Amino acid sequence: MIASVRGTVTATGPDHAVVEVGGIGLAVQCAPGTIADLRVGQPARLATSLVVREDSLTLYGFADDDAKQLFELLQTASGVGPRLAQAVLAVHTPDAVRKAIANADTAALTRVPGIGKKGAERLVLELRDRVGPVAIGPDDAGGVTGGGWPDQVRQALVGLGWSAAQAEQAVVAVAETVDGDTPPVPVLLKQAIRLLGRTR
């Protein structure tokens, strides 16, 4: 596995860059945002992921290891190949992708060409518990959390015995009532339990 490349950028194109390492020019597939930061003739370091197919070896490059790890994680979801995973990271930052998956924000995910509503729902379903900590923006409190209040409430409801589907429905319903400042998680959890109490 080629985990990273460091060398001189000898060429760039719309979707790739050539980095010379030890006299060998490596073609690396990159998102436009990554290519924009590269300069021909200047040294660069790219985190890379090698995708092996029967008829090809393709090296994908990223500005940092975080983007690379998310690229590899996205491909573990059904129907997501390297090109689609890279398209996700071309549209959103890694933090934005994690936040969209953790908060079941399918609208954000469908902004990526090639991802429809069902594809976005599948990404959420398959990756929500695996995206890792989600950075909270300046409007939210608490720095970094394991997926924001929806994830915490969802996990608490499942722990209390409701199914994942019931927990998801309750979180969606509670989210619709949140306007302005987000109440503390215990308050939101009580609200979700009240909603679920009516459906039992």
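Across which strands does helix α3 (residues 82-91) lie? In this predicted model, helix α3 lies across β3, β4 and β5, and runs at about 10 degrees to β5.

These strands belong to a closed barrel of five strands with mixed pairing, in the order β1-β2-β3-β5-β4. From one strand to the next, the twist averages 55 degrees. Strands β2 (residues 16-21) and β3 (residues 24-30) run antiparallel and are joined by six bridges. Within this pairing, alanine 17 has valine 28 of β3 as its bridge partner. Helix α2 (residues 65-74) also packs on the sheet, where it touches β4 (43-53) and β5 (56-62). The direction of α2 makes about 10 degrees with that of β4.

The UniProt record, an unreviewed entry, places the feature "domain: Helix-hairpin-helix DNA-binding motif class" at residues 72-91 and 107-126. Residues 72-91 are 65% helix and 0% strand, with the end C-alpha atoms 16 Å apart. For residues 107-126, the chain is 65% helix and 0% strand, and the end C-alpha atoms lie 17 Å apart.

A further packing involves helix α7 (residues 148-159) and helix α8 (residues 164-177), whose axes are 9 Å apart and form an angle of about 140 degrees. The two helices, α7 and α8, are therefore oblique to each other, and their crossing is right-handed. Residues of α7 in the contact include Trp149, Pro150 and Leu157, while those of α8 include Ala164, Glu168 and Val171. By class, eleven residues in the contact of α7 with α8 are nonpolar, two are charged and none is polar.

Technical notes: Residues are numbered from 1 along each chain as its sequence is written. This is a predicted model: local features need pLDDT of at least 70, side-chain atom pairs count only at pLDDT 80 or more; totals for chains, interfaces and linings use all residues. Side-chain values use heavy atoms; hydrogens and water are left out. UniProt positions are given in the numbering used here, feature names are shortened, and annotations may be inferred rather than shown by experiment. Helices (H or I, at least four residues) and strands (E, at least two) are DSSP runs, numbered from the N terminus. Two strands pair if DSSP finds at least two bridges between them. Axes are lines fitted to C-alpha atoms, for helices over the stretch in contact, and angles run from 0 to 180 degrees between N-to-C directions. Contact means heavy atoms within 4.5 Å. Angles under 35 degrees count as roughly parallel, over 145 as roughly antiparallel, 65 to 115 as roughly perpendicular and the rest as oblique. A crossing is left-handed if the near helix is turned anticlockwise from the far one by less than a right angle, and right-handed if clockwise. Ala, Val, Leu, Ile, Met, Phe, Trp, Tyr, Cys and Pro count as nonpolar, Asp, Glu, Lys and Arg as charged, and the others, Gly among them, as polar.
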